[in-house]
Amino acid sequence: MKNLFLSIAWAICFGASIEAIDITGLQQIGPIDHYVQTKNGVVFTCRDNSQVQIFVWAPDLVRVRASFLKPLPERDHSWAIDKTDWTAPQWKIIETSDHFVITTQELEILVYRSPLLIEFRDAKTHQVINADARPMMYDSKSTTIAAAKKLGFDEHFYGLGEKAWQLDKRRGQFQMWNSDTPAYHEGTDPIYQSIPFYIGWQAGTAYGIFFDNSYRTRFDFGVDSQEHIAFAADGGEMNYYFFYGPSMKKIIGRYTELTGRIPLPPLWALGHQQSRWSYYPESTVEELARQYRERDIPLDAIHLDIHYMNGYRVFTWNTDRFPDPTEMISRLRQQGIKIVTIIDPGVKYQPPDEGAKDATKNPELALQDKSYYVYNEGIAKDYFLKRKDGSPYIGRVWPGESRFVDFTIPEARRWWGDLHRALFDHGVAGIWNDMNEPADFVDQTGKSQMDVVSYDEGEHSTHAKNRNVFALLMAQATFGGFERLKPNDRPFIITRAGYAGIQRFATMWTGDNSSTWDDLALSIPMFEMLGLSGETFVGADIGGFAGKGNGELLTRWYQVGFLTPLCRNHKTVNGYDQEPWRFGKYYEDIIRKYLKLRYRLLPFLYTNLEEAHRTGVPLFRPLLLNYQSDPNTLNINDEYMIGDDLLAAPILRANQTTRLVYLPEGDWFDYWTGKRYAGGTMIPVEAPLDTTPLFVRGGAIIPMWPEMNYVGEKPIDQITFDIYPSDKHTSSFTLYEDDGSTPAYKQGVFRRTKVTSTKTTGGYEISIASPEGNYQPAPRSFIFALKPASATSVLLDGKTLTETAATGTANGWHKAKSDTFIRINDDGKPHRIQLK
Ligand code: MIG
C-alpha cells in the first residue's frame, strides 16, 4: 500500500513534464544609473535601486551578481565555492554613452545601460560568445529570479551534472532539486544531484555558466523559446560565473579551480567492489569473500548496506549479525578486502527510557534499545534541525521517525565526522552516504521540509535554500572525520546526492538504476556529463539495482563498468543475486577477463585520475571533450574515452554482436586484434559477447601492471608500456605513481616517469626521461612492447642489447608475434633505446 502510494506520488512528481520557465510575467532589472569601480570589478547601481556587481577573477572568469530593487546584501557566501582569493588579473573599464566595456586579456564584457544587457565577447576577435536576450529578471509577487540568454541556431549544451538525459541538453528542460528517485529512467528529472553548471558549444567554441544558487533552479535550453535559453531559481540571488574557453578542458579546469577538485582516493577505490542490500550476517560476508578468491575474480571491497546496523541506527552495529566487526574486518583485510559501510543522515528519533544510560565504552556495540547515544548527543548539543516554529523536524526513513543534523553548523559537522569512530575503530575503510537528498518517506518531494531552518552562518535560512546543499555538507563532515580519525589514510566517500563542489569530498554513484538495457545505455552520457561538471569519480550499480537482470546484460554491463572509476556491482534487497558468477560459468569467465584487464590497466586509470585531481579534466570523457571541433562528436551517447587514449564503443542492446563505431581523426588500433584504422569515419565492428569494441589512439602508450586480484596483492615488479605508434607524431605517456594510500602525495611524494617513442628512419627510438618527484617504488623492470615492429637489433644507451628469452629479469629484448619487447631494469635514470 505504502509502496503503491509512493510510486504514484513519484509518477506525479517526477514523471510529469517540468514546468517551463515563464519569463513573460517577470519584471526586468532597471537601467544603469551610475557605477563604482572596486578592486576586482565594478558595481552598477540601477535607477530602480537594483545593483549588478561584476567581479573579474581571471582573464577567462567573470562573476555576475545582482540584487533586485535593493542594494546587494553584505553576506556573500556559497558552500560550493572553494577558492575566493583570486588575484585580480589585468582589466580595465571604458565608458561610452550607451554602454560600458570591461576588458581582460581574453574577454570583453559589454554592459549596456538601457536596457541593461550583458554581452560576452572574445577580446581578440570581438566575436560575441554569449549575450543576454533580456535584462535579468525577478518576480515582484514571488522570490523567483531569472536570466535569459540568446540561443544560437547551432548551439549545444552539456554538463548539469547528474541528469538522466542524453549528452546534448539542447531542447531539454531541467530542474535542480535533490530527489530520491528509485528506478529513474531517461527523462526522469530532477534526480539526486544538483550541479547548476553547463557548457555551451557553438562552432567549436565553448563557454561555461555556473548558476551558483542552491534553491530549486530550472534550466530551459530551447524548449520554451527557440530564441533564448533561460535559467531561473525559486529564490536567492542572481549569481552566476561566466567561463570562457574556447576549450572545454580549460573551462572545466577553471570551474574546478573555483569549486574544487577531487583529492586522490586510495588506489584500492579503483578496484572492483561488491555490494548488496544487504550482505549479513558475518558468515555471508566471509563466504562472499571466499567465493571471490576461490573463483579468482578480482575484488577490493565489500559494501555493507543498512542491515549491519542495530535497527538502522547510524553509528551502531547489529552484534547478532556482526558479533565482532574488528575481527571480521581484519580477517577480510588479510585477504585484501576492505569494508565500506553505509551511513544515512537520519538519526533514529529515540528519547531514552527513563534512567537508561549510554554505554560509555564502544557505545556502537551496545544494545541501543533503551538509550541511543547518537540521538542523545545530538539532542544535548542541539544539532538537530527544527522547523520555523521551533518544533523538531521529524522525518521518516529506515529507522522510522528520525532527526536530521544541521550540517551548516561547523561544530555539528565536526561531531558527525567524529562519530565515524564507531566504524573506523573497527577497521572500516570507506563510507557510503545514501538518502542524503535528504530523502523522507513522508514526502519525497521535499515540500514538507520547506520550513526546516538551518543555521547557515546566522542567516537561519530554510530548506528552500539548504536542501540542495545538505549532502555536500554531510560529505564535508564525513571527510573531516576521515582526516581527523584516519590521518594516514586517504578518505573514500561515496555519495548519492550532491551540489556543485561535492567532488572536494566525495565520489558518487548514480543511485537506483534498473537492470535494463536502457539504463546501461543511459549511464554513459550520465558519466560523461558528470565529468564535465567536475565529478570525475563516477559509477553506476553494475548489473542494475532494481528489476531483473540476466547474464548477457550483466556481462555487457561489466564491459562498461570495467572502465568506470567506481566499479561496483550492487543490487536491491529483493532482487535476484547478481555477483559475477550467478548466471553461470560462461558469463563468469568473460566478466573475469574484463576485471583482470581493469587491474592490468590500473596504472593507466590512476594516472588519468591524478590528471583529474590536478587539472579537473575528467577521466571518463565524451569524445567531444577530446575532439571539440569535430561536430560528429556533438551527441555520441554510445561511446566514451578514458583519458586521451582509449576509446570504448560498448554493446548496449540485447542480442547485438556488431555495431558501428565512430573513430575521430587520427590512427586507431583495435585493442584486441591490433588492426589499424584511419579515423574520421564510422567503421563496422564485430562484438561477440566476449568482446567489447575497444580502440587505442595511435600515439598512445598504455602502462600495464601484472595481473592481480586486489591492489597490493603483490609487489609491482614489472610495468609494461604498450606503445601504439603513429606515423604523424610521437607517442608519449607520463606515468604517475605514489604510495596509493596516504596523503603524502600532497607533499610531493610521487613519481612521474615520461616515456616517449618516435619513429626514426629504419626503426624506432624510445626514451625514458629522468623521473620527477621523490616517491621510491619497489624494484621493478620496464617492458616496452612496440606494436607492430620488427627489430633486428636494439641498442640501450648506445650499447647493443642482447636478444633473450621472453621470461627472466635480465635486460634484453625479444620478438613475439608482430611485437617487439624490450626489458630494462628501472634504475631511476633516463635511458634511450634504439630499435633498428
Ligand atoms: O530506500 O540502503 O540508492 O543503493 O541499497 C532505499 C538501501 C535506500 C537506496 C540506495 C541503495 C541502497 C538502499 N537505499
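**Cavities, ligand shell and backbone features**

By class, the lining of the second largest cavity comprises six nonpolar, four polar and one charged residues, where Ala, Val, Leu, Ile, Met, Phe, Trp, Tyr, Cys and Pro count as nonpolar, Asp, Glu, Lys and Arg as charged, and the others, Gly among them, as polar. The model is a predicted one, in which local features need pLDDT of at least 70 and side-chain atom pairs count only at pLDDT 80 or more, while totals for chains, interfaces and linings use all residues. Residues are numbered from 1 along each chain as its sequence is written, and side-chain values use heavy atoms, with hydrogens and water left out.

The second largest cavity has a volume of about 50 Å³, and its lining consists of Leu385, Val405, Asp406, Phe407, Thr408, Ser454, His463, Asn466, Val469, Phe470 and Leu473. A cavity is here a set of points on a 1 Å grid over the protein atoms alone where a 1.4 Å probe fits but cannot get out, and lining residues have an atom within 4 Å of a point; grid points are joined across faces, edges and corners, and a volume is the space filled by probe spheres set on the points. At least two residues of this lining come from each of α8 (463-466) and α9 (470-485), helices being DSSP runs of H or I with at least four residues and strands runs of E with at least two, numbered from the N terminus.

The lining of the largest cavity is formed by Ile262, Pro263, Leu264, Pro265, Phe479, Pro491, Phe492, Ile493, Gln503, Phe505, Ala506 and Thr507, and by class it has 10 nonpolar, two polar and no charged residues.

The ligand is surrounded by 13 residues, of which Asp305, Asp434, Arg496, Asp512 and His570 are the closest, a residue being counted if one of its heavy atoms lies within 4 Å of the molecule. This shell has eight nonpolar, one polar and four charged residues. The protein buries 96% of the 350 Å² that the ligand exposes when taken alone, accessible areas coming from the Shrake-Rupley method with a 1.4 Å probe.

Most residues other than glycine have a negative phi, and most peptide bonds are trans. The peptide bond from Asp189 to Pro190 is cis, with omega near -5 degrees, and Pro190 lies in the loop between β14 (173-176) and β15 (193-194). Gly245 and Pro246 are likewise joined by a cis peptide bond, with omega about 0 degrees, and Pro246 is placed in the loop between β20 (238-244) and α2 (248-259). Leu69, although not a glycine, has a positive phi of about 65 degrees, and this residue is found in the loop between β5 (61-67) and β6 (92-95).

Conventions:
On a 1 Å grid over the protein atoms alone, a cavity is a set of points where a 1.4 Å probe fits but cannot get out, and a pocket is an open set with protein on both sides within 12 Å along at least five of seven lines; lining residues have an atom within 4 Å of a point.
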